[in-house]
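Dear colleague,

Please read them with the structure open beside you.

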Amino acid sequence: MIIRGDEPEQIRLLRKLYRPGNYFMQGNEAVAYGALFAGCRFYAGYPITPSSEIAETMARELPKLGGYYLQMEDEIGSIAAMVGASWTGFKVMTATAGPGFSLMQENLGYAVMTETPLVLVDVQRSGPSTGQATKGAQGDFFQARWGTHGDHPIVALSPTSGQDAFWEIIRAFNIAERLRTPVVFLFDGVLAHTRELVKIPSVDEVEITYRKLPQNEEEAKLPFGDPHGDGVPPMPLFGHGYFTHVTGSTHKENGLRDVYTPEVHDRLVRRIHRKIEKNRHVYEKYEEHFTDDAEILVVSWGVTARPALGAVLKAREEGIKVGLFVPKTVHPFPGERMSELGKRVRAILVPEMNLGQMILEVQRYVNDDVLLKGVNKIGGVPLTVEEILREIRGVA
């Protein structure tokens, strides 16, 4: 594991094993190597299409860095093992697809309630149920936000390429550590299996964040308190001299269970929400293209943002004033910026590989006088530049 003080040895190993340069690799491989650079040293998973190359890469590479790979009996055991390893100080990750993501929901909720840093990669595939097991999709947008029960926040990221995935998975780990929270990484089967150029940087170019540890005995006794006022308590690690009680039931600041006192539950859940809501600067990220003069706005995410950009470029060559907005952090949704952009355009198109999910989030932040239209495609085949361009022309 990497805890403060172990960095020099880990940097030496990374520098020795992974030379900077341009590589031709799958998106899944880019995710795995990004996780290694971020400090992930524990992976528990169950192979499932189309995410299996992440597990294969981690199984091969983790032992070289002194890390651990566990193939579990199922996805329920996988995320449970991650929670346990995280509490001993490991940076942890698993990868799955839709059916496995469904199985992980209960323990994802446990990770939210126990404020356990972990990264969960969902390589989306076509569903419902088994669906098209080898085909990509974007049908898990709302599952990432609302899949587990209860009143809880979640952070979810979504990259647009293999190169983007390398850097965004590092950002996912940094957010998880900084805010002591699980982070969902919404990838998809198309990008996962696309081989393209990925530039591996020098380890010195990678900024790494570590979780806050207790500075004294008093902080260690309050693993669910708020000594620094930012909603994020220091995390006493198992095996490091502290007695810590961890439960998914409602608990007091000292970790002890109290399911009867309304004030205890209110205080705990409000703080878990507050640490996400008040730290948008830590996780919020989006890209904009040609939004300054746009009269039509295309809003897209993940794999579909790529043909969306191609369509926007072609439309502008035809004189159509169209821009593109790409949320990289899809939950919490960047609603404030979406609202600002919505006031400046007369129409918004939302291309995605589903029958309409992110569009409902966009709808919350734009006025009724703006034409809002989905551009949707399912069946495991991504939208094309031409299909999106046709919709832009129709609106124009």
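The notes below go from the whole protein to one strand and then to a group of aromatic rings.

This is a predicted model, in which local features need pLDDT of at least 70 and side-chain atom pairs count only at pLDDT 80 or more, while totals for chains, interfaces and linings use all residues. Residues are numbered from 1 along each chain as its sequence is written, and side-chain values use heavy atoms, with hydrogens and water left out.

The protein has 16 helices and 15 strands, where helices (H or I, at least four residues) and strands (E, at least two) are DSSP runs numbered from the N terminus. Its radius of gyration is 21 Å, close to the 21 Å that the globule rule gives for 396 residues, so the protein is as compact as a globular protein of that length; the radius is taken over C-alpha atoms, and the rule is 2.2 Å times the number of residues to the power 0.38. Of the 396 residues, 58% count as buried, which stands for under 20% relative accessible area with a 1.4 Å probe and protein chains only. Among contacts (heavy atoms within 4.5 Å) between residues at least 6 apart in sequence, 77% join residues at least 24 apart.

Strand S14 (residues 347–352) has six of its six residues buried, so it is largely enclosed by the rest of the structure. Ala347, Leu349 and Pro351 point one way from S14, whereas Ile348, Val350 and Glu352 point the other way, and all are buried. With strand pairing requiring at least two DSSP bridges, S14 pairs in the parallel sense with strand S11 (residues 296–299) over three bridges, and also in the parallel sense with strand S15 (residues 371–376) over six bridges. From S14 the chain crosses through helix H15 (residues 358–363) to S15, and this β-α-β crossover is right-handed, meaning that, with the strands pointing away from the viewer, the path from the first strand over the helix to the second runs clockwise.

A search of the whole structure finds 14 aromatic pairs, counted when ring centres of Phe, Tyr or Trp (its six-membered ring) lie within 6.5 Å, with planes under 30 degrees apart taken as stacked, over 60 as edge-to-face and the rest as tilted. The rings of Tyr18 and Tyr33 have centres 5.6 Å apart and planes at 70°, so this pair is edge-to-face. Tyr18 is buried at 9% relative accessible area, and Tyr33 counts as buried at 13%. Ring pairs link Tyr18, Tyr33, Phe37, Phe166 and Trp167 into a cluster.

Best regards

Methods. Buried < 20%, exposed > 50% of the residue type's maximum accessible area, 1.4 Å probe, protein only.
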